[in-house]
Amino acid sequence: MRLKDKIAIVVGGGQQAGETIGNGSTLQADVRREDDCRAIATTCAERYGRIDVLHNNVGRSRGDKPTTELEADMWDELFELNLKAMFMTCKHVLPVMREKKSGSIINISSTSSL
């Protein structure tokens with residue numbers, strides 16, 4: 001029960017269109033937009049007074065191809081969602097965690113593109 005009474009943000013708690021169940025979601029955000037990433041951190045900090053855990057669980061592989069076949073525009077799309085979004089959520093959550101001198105960030109990846 002190490003997470004009992006912890007305040008956690010799970011980025012990517014929604015779902016893709018289809019039959020998947022998703023993880024549930026209480027704040028809709030487009031993590032490709034920095035203002036939305038800021039709003040995630042601000043909303044949580046204002047509502048709960050702290051952020052104990054940031055779990056970045058968002059990404060996609062649709063459109064991925066072998067390097068020699070991947071178009072630059074698709075690389076930009078994948079990079080923006082899979083890496084830049086993670087950077088921006090960390091950027092806006094870290095000040096809250098640093099102020100409290102506590103917190104954990106978990107960034108995960110998927111092998112679904114394999």
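Colleague: What share of the 114 residues in the protein is made up of buried residues, and what does buried mean here?

Modeller: Buried residues make up 25% of the 114 residues, where buried stands for under 20% relative accessible area, exposed for over 50% and partly exposed for the range in between (1.4 Å probe, protein chains only). This is a predicted model, in which local features need pLDDT of at least 70 and side-chain atom pairs count only at pLDDT 80 or more, while totals for chains, interfaces and linings use all residues. Residues are numbered from 1 along each chain as its sequence is written, and side-chain values use heavy atoms, with hydrogens and water left out.

Colleague: Which elements does the protein have, and in what order do they run?

Modeller: The protein holds two helices and three strands, and from the N terminus on they follow one another as β-α-β-α-β. Helices (H or I, at least four residues) and strands (E, at least two) are DSSP runs, numbered from the N terminus.

Colleague: How do you know that β2 and β3 pair, and in which sense?

Modeller: Strands are said to pair if DSSP finds at least two bridges between them; strand β2 (residues 53–56) and strand β3 (residues 104–107) have four bridges, in the parallel sense, and therefore count as a pair. In this pairing, Val-53 stands opposite Ser-104 in β3.

Colleague: What do β2, helix α2 and β3 make, and how is its hand decided?

Modeller: Together with helix α2 (residues 72–100), the strands β2 and β3 make a β-α-β unit that is right-handed. The hand is judged with the strands pointing away from the viewer: right-handed means that the path from the first strand over the helix to the second runs clockwise.

Colleague: Why is His-92 called buried?

Modeller: His-92 lies in helix α2, and its relative accessible area is 14%, which is under 20%, so the residue is classed as buried. Setting aside residues up to four places away in sequence, His-92 touches Glu-34, Cys-37, Arg-38 and Ala-41, a contact being heavy atoms within 4.5 Å.

Colleague: What is Glu-34 in contact with, leaving aside its neighbours within four places in sequence?

Modeller: Glu-34, in helix α1 (residues 34–48), is in contact with Met-88, Lys-91 and His-92. Glu-34 and His-92 are 58 residues apart along the chain, and their C-alpha atoms are separated by 8.9 Å. Glu-34 has a relative accessible area of 27%, between the two cut-offs, and so counts as partly exposed.

Colleague: What makes Asp-5 and Lys-4 a salt bridge?

Modeller: The term asks for a side-chain nitrogen of Lys or Arg within 4 Å of a carboxyl oxygen of Asp or Glu; the closest N and O atoms of Asp-5 and Lys-4 are 3.7 Å apart, so the pair qualifies. Asp-5 counts as exposed because its relative accessibility is 59%, and Lys-4 is likewise exposed, at 53%. Asp-5, which lies in the segment before β1 (8–11), also has a positive phi near 65 degrees, although the residue is not a glycine.

Colleague: How many salt bridges does the structure hold?

Modeller: There are seven, among them the one between Arg-50 and Asp-52, at 2.9 Å from N to O. Asp-52 is buried because its relative accessible area is 11%, whereas Arg-50, at 29%, counts as partly exposed. Another of the salt bridges joins Arg-32 to Asp-30, with the closest N and O atoms 2.9 Å apart.

Colleague: Why is Lys-101 called exposed?

Modeller: Its relative accessible area is 76%, which is over 50%, so Lys-101 is exposed. Lys-101 lies in the loop between α2 and β3 and has a positive phi of about 55 degrees without being a glycine.

Colleague: Which residues make the nonpolar surface patch?

Modeller: Trp-75, Phe-79 and Leu-83 make a patch of about 310 Å², the area coming from the Shrake-Rupley method with a 1.4 Å probe, where for residues only the protein chains shown count as cover. Patches are made of residues with over 30% relative accessible area and no salt bridge, joined within 9 Å for like charges and within 5 Å for nonpolar side chains (Val, Leu, Ile, Met, Phe, Trp, Tyr). Trp-75, in helix α2, has 47% relative accessibility and therefore counts as partly exposed.
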